[in-house]
Amino acid sequence: MKRNLRWIAGMAIAASCMFVVPSSLLAQSTQKVDPAKVLDKMLSGYEHDLLPLVEAMPADKYNFAPTNGEFKGVRTFGEQVKHIAQANYYYFGSVSSTKPNMPKMADLKTKDQMIQELKDSFAYGHQVIATITAENAFDAVGTGDSTRTRAGMAAGAVAHGYDHYGQLVEYLRMNGIIPPASRHK
């Protein structure tokens, strides 16, 4: 009996909300949005989070890798930064007919070089995203897998990057550094 009353009350509230929502908001729900703007905003947000984080680690700690526990063979902080840049080039390079002009990651030795390459990979990502349109966003890219689309690969770059962002946050904390996003202002 109580379950039925909750269900009826819930349905009554949901139904009443239909009449409270201004019609101007309902009209906005059918508005088309440029996929490039959406994807670029996602990439910008990720870039805005990541760059201060990699800049916060001192240059002499770019060779840091955790050792206390099951961390055998994990990437150093600097290797993580280079990996993210390389992954950006991979994801966005699969979307674009223009291949990135990227150096060999092994040639990047200093913090400044790694950060600059990371910034360059983001610039390339923004350039590629600008070519994504409503007409081509869900065209298949690459070979063999029809689920790899321009929009999917661009979103995948951000998702992949946030995985490494979380790892880098831990690397900072293991070195006694509060990540920029966690600092109270």
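**Helices α4 and α5 in a predicted model**

Biologist: How do the axes of α4 and α5 cross?

Modeller: The axes of helix α4 (residues 77–95) and helix α5 (residues 111–129) come within 9 Å and cross at roughly 20°, where axes are lines fitted to C-alpha atoms over the stretch in contact and angles run from 0 to 180 degrees between N-to-C directions. α4 is therefore roughly parallel to α5, a label for angles under 35 degrees. This is a predicted model, in which local features need pLDDT of at least 70 and side-chain atom pairs count only at pLDDT 80 or more, while totals for chains, interfaces and linings use all residues. Residues are numbered from 1 along each chain as its sequence is written, and side-chain values use heavy atoms, with hydrogens and water left out.

Biologist: And which residues make the contact of α4 with α5?

Modeller: Among them are Val81, Ile84, Tyr89 and Phe92 of α4, and Leu118, Phe122, Tyr124 and Val128 of α5, contact meaning heavy atoms within 4.5 Å.

Biologist: What about the whole chain, how many helices and strands?

Modeller: The chain has six helices and zero strands, taken as DSSP runs (H or I, at least four residues, for helices; E, at least two, for strands) numbered from the N terminus.

Biologist: How much of the chain is buried?

Modeller: Of the 185 residues, 38% are buried, that is, under 20% relative accessible area with a 1.4 Å probe, counting protein chains only.

Biologist: And which contacts join residues at least 24 apart?

Modeller: Taking contacts between residues at least 6 apart in sequence, 71% join residues at least 24 apart.

Notes. Parallel < 35°, antiparallel > 145°, perpendicular 65-115°, else oblique. Buried < 20%, exposed > 50% of the residue type's maximum accessible area, 1.4 Å probe, protein only.
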